[in-house]
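Biologist: I'm new to this one. Can you put it up and walk me through a helix, then the ligand?

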Amino acid sequence: MTVDSALRSPVNYSPSGKDVKALRFIEEMTLNVDFVQKKVIREILSRNSETEYLKRFGLKGFTDRKTFKSKVPVVTYDDLKPEIQPIANGDRSMILSSHPITEFLTSSGTSAGERKLMPTIDEDMDRRQLLYSLLMPVMNLYVPGLDKGKALYFLFVKAESKTPGGLPARPVLTSYYKSEQFKRRPHDPYNVYTSPNEAILCPDSSQSMYSQMLCGLLMRHEVLRLGAVFASGLLRAIGFLQTNWKELADDISTGTLSSRISDPAIKESMSKILTKPDQELADFITSVCCQDNWEGIITKIWPNTKYLDVIVTGAMAQYIPMLEYYSGRLPMACTMYASSESYFGINMKPICNPSEVSYTIMPNMAYFEFLPDEVATEQSELVELADVEVGKEYELVITTYAGLNRYRVGDILQVTGFYNSAPQFKFVRRKNVLLSIESDKTDEAELQRAVENASVLLGEKGTRVIEYTSYAETKTIPGHYVIYWELLVKDQTKPPSDEVMAQCCLEMEESLNSVYRQSRVADKSIGPLEIRVVKNGTFEELMDYAISRGASINQYKVPRCVSFTPITELLDSRVVSTHFSPALPHWSPERRR
Ligand code: AMP
């Protein structure tokens with residue numbers, strides 16, 4: 001594709017000004033992927049050549065890919081902890097990066113139960129900003145007129161802490177929303193939000209959600225797109241409306257803000273938005289929300305919505321049916337693929353079916369390598385961005401300006417095609433993740449440990465967990481973890497009491513990682529964990545079922561997570577009792593270690 005053909009829109013829209021510049025930039029990057037990658041690695045290696053980390057591997061000033069790949073190992077987060085910890089503790093010497101590490105971005109991936117700390121440098125914010133600036137120019141090619149209204153985006157900041165050495169440690173989006181780049185962004189008619197900054201920046205998620213929803217309702221006719229970062233966030237907003245619409249309608253009817261809002265900055269900004277009573281709007285909200293059937297509620301309340309802006313790829317695909325239900329099947333746009341380590345790429349066809357979403361990695365963001373997934377061993381040959389093959393699956397490995405070198409991100413991607421010479425990737429899955437409701441990622445080892453810790457509570461009663469599996473229940477808002485237990489009860493006259501079982505649920509939650517506990521406690525985006533006890537012999541039936549479908553009897557392993565409907569139905573039909581966590585687990589923004 002040539003630069004000018006990229007500017008031709010499927011909807012007869014003629015880009016101008018900033019859009020032309022952004023689209024030209026995308027063309028330039030994607031036409032010259034290998035050249036850009038060579039330049040990026042050269043820049044990274046020359047500026048970081050004096051870091052302790054790179055000096056250790058004897059690069060001796062070489063900045064070419066061949067030498068880099070032959071000398072520097074591919075690593076995981078745990079390999080890098082000995083470098084990251086001293087930086088977090090206050091060591092300002094050039095350990096990973098020649099530019100000062102200005103903060104740590106706390107990934108939703110965990111290590112030893114705590115969020116991973118990703119180093120970042122000042123200028124990374126500009127790289128992220130650059131990727132954001134490409135999104136609307138691409139979207140405008142497909143959806144015209146987005147400058148004629150507003151975006152209702154539910155955006156939140158999360159709690160942050162400081163490392164022992166005094167650096168901020170917070171999620172990447174919290175860092176971005178609190179940045180001057182975001183707070184003082186120049187007016188852009190294509191990016192006008194209904195939510196004032198003050199509502200987005202309020203650390204109390206309930207006040208933040210309430211005021212953002214209220215603004216969305218007040219400006220309902222102006223809203224042209226509705227979104228949240230992930231699908232789970234948008235569904236949480238719908239759940240919030242379900243429980244709070246009466247209070248919201250009351251505020252609209254009286255023209256006064258609920259006393260639940262105590263944040264002075266929100267009060268001040270809302271005083272300019274909620275200026276007078278609007279009985280007609282309050283009656284409308286009441287008449288729509290009081291109905292039992294919420295099918296298509298989004299288009300009823302926000303009739304001019306053209307699409308939902310939410311990520312529904314990867315773990316979020318489980319929410320597609322519910323979003324379709326609430327939105328009356330509006331298109332869902334997955335616009336970008338990013339992480340705390342680095343932002344990666346954008347979707348060049350944002351209005352497509354969720355199953356067809358592919359992301360085009362922008363080669364200027366970092367240096368990218370690809371570990372073929374089928375033979376992912378330390379010896380595997382890593383492939384350059386420009387050389388990946390269509391149809392193959394790879395694990396993403398990145399080298400960043402901030403000092404991650406050949407770092408395994410843990411995402412498995414499949415090449416679906418090319419945009420110019422830039423490969424496009426479908427997000428296949430996150431390695432080793434068993435359960436996920438929103439940003440939490442629970443792996444098999446964590447689940448095993450949680451079951452072990454909880455089953456200690458049964459010990460004294462002579463009862464044991466003989467098999468277990470799990471399921472992410474996302475049909476309710478908020479979703480929650482369901483753990484199926486098959487028990488061996490020694491003394492049938494004394495099965496574990498309801499109280500003991502409920503404590504087992506809580507103990508499992510206490511054992512899960514900090515992202516899970518934060519979602520339970522601070523964000524309330526995950527509901528209480530549930531244990532469903534199934535009758536004896538159920539897991540044998542599960543094995544029979546798998547074997548009847550072709551599994552090998554010798555190699556059969558109990559799946560530690562199930563999602564296939566016939567299997568969950570089988571399990572549910574054998575449930576003898578259900579138990580929920582009776583309290584919130586412990587969580588504080590401070591790290592345990
Ligand atoms: P975090 O480090 O907490 O920001 O999480 C980043 C991770 O979220 C990525 O490595 C992916 O596993 C996942 N992720 C981010 N964007 C997408 C996307 N568009 N589709 C699917 N998964 C995504």
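Modeller: Start with helix α20: Glu540 and Ser548 are exposed on one side of it, where exposed means over 50% relative accessible area, buried under 20% and partly exposed in between (1.4 Å probe, protein chains only). Helices (H or I, at least four residues) and strands (E, at least two) are DSSP runs, numbered from the N terminus. This is a predicted model, in which local features need pLDDT of at least 70, side-chain atom pairs count only at pLDDT 80 or more, and totals for chains, interfaces and linings use all residues. Residues are numbered from 1 along each chain as its sequence is written, and side-chain values use heavy atoms, with hydrogens and water left out.

Biologist: Which residues of α20 are buried?

Modeller: Thr538, Phe539, Leu542 and Ala546 are. Seen down the axis of α20, they fall within an arc of 95° (taken from the directions from the helix axis to the C-beta atoms), so they line one face of the helix.

Biologist: And what covers the buried residues of α20?

Modeller: The cover includes β17, β18, β19 and α21, counting heavy atoms within 4.5 Å as contact.

Biologist: Now the ligand. Which residues come nearest?

Modeller: Ser108, Thr313, Ser340, Tyr359 and Asp411, out of 16 residues around the ligand, each with a heavy atom within 4 Å of it.

Biologist: How far is an oxygen atom of the ligand from an N or O atom in the side chain of Asp411?

Modeller: That distance is 2.6 Å, and for the side chain of Ser340 it is 2.7 Å; a polar contact is a pair of N or O atoms within 3.5 Å.

Biologist: Which element gives the most to the shell?

Modeller: β9, with three residues.

Note on methods: Polar contact = N/O pair within 3.5 Å; in protein donor to acceptor, adjacent residues only side chain to side chain.
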